[in-house]
Amino acid sequence: MGLSPPVPLLLGLLLLQGVVRPLWGDLVFIPSVIRMSGPAVSASLVGGTEDVTVSLALLQDAEGLLPVPSCGVLSNETGDWSLTVTPSVDSLEVTVRLKRDLQWCASNETDSFSESPCIVQTLLVSASHNSSCLAHLLIQVEIYANSSLAHNASGFAPSQTEIRTRKRMEGQTGENVTVIPNQVYQPLGPCPCNLTAGACDVRCCCDQECSSTLTDLFREACFTGVFGGDVNPAFDRLCSAPPVPGVPDWSPLLCVQSPLANSPFLGYFHRGSASSRQRTSVDVYLHTDVKDVSDFGYKQGDPIMTVDKAYFTIPQVSLAGQCLHSAPVAFLQNFDVRCATHLEVYQERDDIVNVKIKNGAIGGIVTPKVIYEEATDLDKFITSTETLLSNGSAPRNVNVEEHYLFRWNNNTITEINVKILRAEINAHHKGIISQRFTVKFLSYNSGNEKESSGNPGYQLSKPIRALNTNRMNNVTTLHLWQSAGRGLCTSATFKPILFGENALSGCLLEVGLHENCTQLRENAVELLGSLIQATHVATRGNSDYRDLGDGWLEIIRADAPDTGADPSVSSTNGFCPDIPAQLSIRILISDAGAVEGITQQEILGVETRFSSVSWQFQCGLTCEERPDLAPLSASVQFIKIPAQLPHPLTRFQINFTEYDCNRNEVCWPQLLYPVTQYYQGEPCSQCVAKGLLLVSFFILAVFLSDPWTRMCKAWS
């Protein structure tokens, strides 16, 4: 229904007020005009809100004329409407709410949906100071009975959010219970877009609660597909379905003759003849009881328990990358994680010495043996450090690394050794601390021998086994950088290269303006070479370190950098060519068979290669006597090669791709698959015998068929 003639004029004045007034900082409602279709509406009053009074008035449209707004009489209660003002930062939140329930509207209507609004009123919210009007908010109320337009709209056109609400089921019993047919035989609901009970949903042309007059308003914009009511679409394999572009010409020969009631959507819903919802609050119960089964022995994955019937926890990293400070430790599951925490919120964990852990037997207790060590280089663990000195501030200790070693026997824990690396910092230190937590389970009778990376093949995420035959302690591995602090190479730590995981790491090398290029090359080669201090790598995950002939491959070092004399370019100008800046490690792997159905992988070769760049000192407006940063990087790439080269494609396979079984649903070459060389289920002789038996049955059926019998009678 349209608005009376004075209303557009007043709306125009209020809109002009809402646009112009913020330009000079006066009070203004945002938005200044609202069309209300639900029980509540909100707006913001911005500007100088000190000592401002907000009032609500009901405008009476007498003889087509609206009265002049007056701020002399202030009231927050106007008939069926209430006004609530909530202060916020530099603004006031104004909420106008209908005090009566909207269900009384439905009780006054005889039809399920009324085409005329139930409430048509005009409200005016005024902001005043000393009885002087400063801003106005005009609210045009149009609320329909049982309407699905249950939200408020700013402006005059309802949005898509306003016309779509969740389906509400009746909570009473008797005739108001919504009866749902047996969904075993129904593909989908008859009208999925019918979201509001007892009301017409806009753009839902299958909604039976919409009158023909209302449906004509949005007939051209109806929802399509299954959501719009087409719950029994003809699937593409149906003979009665229209042809789909791109299918082969012989596709109609393989179509399915089936009624539409046999829909592929059957089974999306299952049971339920009636549905009712009790209007009660939902109580969520969280089961917080700790389940303790440690008295009967631990199994792999069971949480380790303490004598206080609590989980033994160590900080761990979740799948989302967050640090969980109270994560239970699982039996026989190793991990190595790093957590970053602000020193301002850092809290020291309980002393591990006082923790008593159940060993897995009834009454058995294990007390951890703790060794403390002091950290020397804080730059490796604390970044962006700021020290605030104050009188009387005492130092405090923080744990930067905690290493737990569990020894187990069958399903019990026999010993726990803990090594804690701690650092002493000022009580007012500010920055981010990087902590490392490791847990490792070893058998009770294992010594200090190096842990294997697989048996016999490598396991994913296990360290690469390596040897350095040029030194006495020859057991080693390949490394990458673990940057810390400012990312300098001097403070970076090492992390092992894990099998099957491609990785990239780097650090920064401080270089001066007058750096000697030869010395720079030697430093870069030394830093990059520290990552691969090995001469051989193990082919398998359990190669014997004491036997060089037990599957050990020599590392291929290609393009070794030359750190000799400088070229003709002088190094005094801050320019050095041919600086080794990148180390590429390529590892060839392949499947070497299977053990008990598990694929075993091995390493076929390892190659290292250096890449050089030209380094130049980066100056700003002037070249100051400060060190510049030269980046160094290292990357590892695992390349899997097939154990057997694939057969080359024939000319027929290249030209006739429609017969390729990997690209098409119909595979003609597999019509005789049981008698081909690719079938390994039975011996070839049995397949041929069974095939000939089927052919004999087919010939016998032909001879016994009716046409053949009539031909024999005709010949006789």
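Is Glu607 buried or exposed, and at what relative accessibility? I looked this up before anything else, keeping in mind that the model is predicted. Glu607 has 17% relative accessibility and therefore counts as buried, since buried means under 20%.

The largest nonpolar core holds 44 residues, and Ile464, Ile603 and Leu632 have the most contacts inside it. Among the elements that give two or more residues to this core are α4 (517-529), β31 (575-595), β32 and β33 (628-640), and β31 gives the most, with seven residues. For Ile603, I listed the contacts beyond four places in sequence, which include Tyr458, Ile464, Phe499, Val537 and Leu588. Apart from this core lies another, of 25 residues, with Ala43, Ile119, Leu137 and Ile139 among them.

Last, I looked at the surface. I recorded a nonpolar patch there with about 1,300 Å² of accessible area together, whose residues include Trp250, Leu253, Phe652, Phe656, Trp668 and Leu692. Phe656 sits in the loop between α5 (651-655) and α6 (684-703), and at 38% relative accessibility Phe656 counts as partly exposed.

Conventions:
Residues are numbered from 1 along each chain as its sequence is written. This is a predicted model: local features need pLDDT of at least 70, side-chain atom pairs count only at pLDDT 80 or more; totals for chains, interfaces and linings use all residues. Side-chain values use heavy atoms; hydrogens and water are left out. Patches are made of residues with over 30% relative accessible area and no salt bridge: like charges are joined within 9 Å, nonpolar side chains (Val, Leu, Ile, Met, Phe, Trp, Tyr) within 5 Å. Accessible areas come from the Shrake-Rupley method with a 1.4 Å probe; for residues, only the protein chains shown count as cover. A salt bridge is a side-chain nitrogen of Lys or Arg within 4 Å of a carboxyl oxygen of Asp or Glu. Helices (H or I, at least four residues) and strands (E, at least two) are DSSP runs, numbered from the N terminus. Buried means under 20% relative accessible area, exposed over 50%, partly exposed in between (1.4 Å probe, protein chains only). A nonpolar core is a set of buried Ala, Val, Leu, Ile, Met, Phe, Trp, Tyr and Cys residues joined through side-chain atoms within 4.5 Å. Contact means heavy atoms within 4.5 Å.
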